Amino acid sequence: MTITEKIGQRLVGGFPGTEMGEEFIRLVREYKIGNVILFQHNVESNEQLLKLCRSIRELITRETGHRPFITIDQEGGGVTRLPREAVNVPGAMALAAVGDEEAAHRAALLTARELRSFGIDFNLAPSVDVNCNPDNPIIGIRSFGDTPEQVSRYALAALRGYEEGGVLCSAKHFPGHGDTAMDTHVSLPCIDKSLEELERMELRPFQAMIDAGCPAVTTTHILFPHLEPDNLPATMSRRIITGLLKEKMGFRGLVISDCMEMDAIARYYGSAKGTVKAMAAGVDLVFISHTPSVLEETARAARAAAEAGELSMEELDASVEKILFYKARVSGEPEGWPGRPEAMAEAAALRQASITLVRGTIPAAGERPFFCGCADYRAGLVSNRTGGGSTFAEFMAARLGGRGLVTSKDPEAEEIRSAVEAARGSSSIFVNTYNGHLFPGQLELVRALEALGVPMAVTALRNPYDLRHVPEGAAAIAAWDYAEPTLEVLAPILSGEAAPKGRLSVSLGGRP
């Protein structure tokens, strides 16, 4: 292999549309880009995704001599990329609310089989972050819980599911993204913990996954000054990637980066320079997930660094050998078919089993129910664009009767007064929140509506931490995400036709 071909095997590129486009095709031909990441914006339907994966596989195999990894973030719940007509499972915290690790195993197996049906062979999941900071804006429901014991149990069950389903998976975000109130997509967080503190909390699920043979670990762009004193995020730190992850913790699989276009890297270090530093630190697969021009700049910079001796040729060869070894472990060819009715039904059953009544009694809707709350919005840059257009208020009013009023994500005093007036005379009030613990207007609306004295229930459609602030007189429900399939299983619970079966899987009282 030439240096260009070797560097190409270590790069994972993305593109903006539902087809690769001439610019991305040129980069594959010229720079031998060996792998692809897909997002929701690349996906329209089952048929389109099948064709896209086939064209990716044919192009990269022809131009590089090796088939690609086709990767995707199909965590479930709020981080879901597959089409609506495909099998989409609940997210990690929702699965933990089912109360049985088998839920995580079955969800991962369903996901793996669905990905295989499209020819996708590498799922960038699960998150094994311990969500020990309730104000975490980007992990939250993506975590299996707020204790390392619970996260480890459910993550290991998910690992079994992915292995049985024949796709690679990756434990993320090493060495831990759970204890931060900042998002690496738009900032550069810092976790000021000693190695001993990390070993008691964040590192334990990673060690469990490593010991169980997890094929990949994804790094995070966070500063850990006690581990790396030179002001480098974990992804770019040889002390953390090689010293801690590989040497101390014994990891021998693929080390993969989070996207190098995130602001934590792009703004503070530059994507291309950050990539060279990450490769030198020991990262095997580096992701340039969105912009072909940044991918080209990165490929040039990495090739120049290798030619100048800034990257060890011995380590470069070893990394490529490892990548090809793992490519040989998965077929890369479509197997089965997407959207099988029995698989869709099982995913819906898992979702229904996750709905959790945290406190109180769900009121009878009566003749004049009032449904109110914000629409879905993009809670973080890793999230889906939206849950598909349906709003809680309008969806439930259409299903259960009554009136629906959609509010802004952070309503101010005048909007809250209008909502209260609209709710007068109602037989019941049902309100949804969506990260209300981060947008106080949502919680002010809840308090104002509760003051009317009408029987009320509040449903948290993302992080359950909103429910800490629900007045004692109202029922509190955790539904975990704002996807339409969740609204589908929530409607019969609010109408009294079905009972919520989930149990709260995290502490709402603050840090565990």
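Me: Which residues is Phe 144 in contact with, leaving aside neighbours within four places in sequence?
Reply: Ala 92, Met 93, Leu 95, Ala 96, Ala 104, Pro 126, Ser 127, Gln 150, Val 151, Tyr 154, Ala 155 and Ala 158. Contact means heavy atoms within 4.5 Å. This is a predicted model: local features need pLDDT of at least 70, side-chain atom pairs need 80 or more, and totals for chains, interfaces and linings use all residues. Numbering starts from 1 along each chain as its sequence is written, and side-chain values use heavy atoms, without hydrogens or water.

Me: Which residues have the most contacts inside the largest nonpolar core?
Reply: Leu 38, Ile 56, Ile 120, Phe 144 and Phe 174, in a core of 96 residues. A nonpolar core is a set of buried Ala, Val, Leu, Ile, Met, Phe, Trp, Tyr and Cys residues joined through side-chain atoms within 4.5 Å. Buried means under 20% relative accessible area, exposed over 50%, partly exposed in between (1.4 Å probe, protein chains only).

Me: Which helix gives the most to this core?
Reply: Helix H5, residues 101-118, with eight residues. Helices (H or I, at least four residues) and strands (E, at least two) are DSSP runs, numbered from the N terminus.

Me: New topic. How many strands close into a barrel?
Reply: Eight, in the order E1-E2-E3-E4-E5-E6-E7-E8, with parallel pairing. Strands pair if DSSP finds at least two bridges between them.

Me: What is the bridge partner of Val 12 in E2?
Reply: Asn 35. E1 (residues 11-13) and E2 (residues 35-38) pair over two bridges.

Me: Where does pLDDT stay under 50?
Reply: Over residues 383-388. pLDDT is the predictor's confidence in each residue, from 0 to 100. Where pLDDT is low, the predicted coordinates should not be read in detail. The chain's mean pLDDT is 94.
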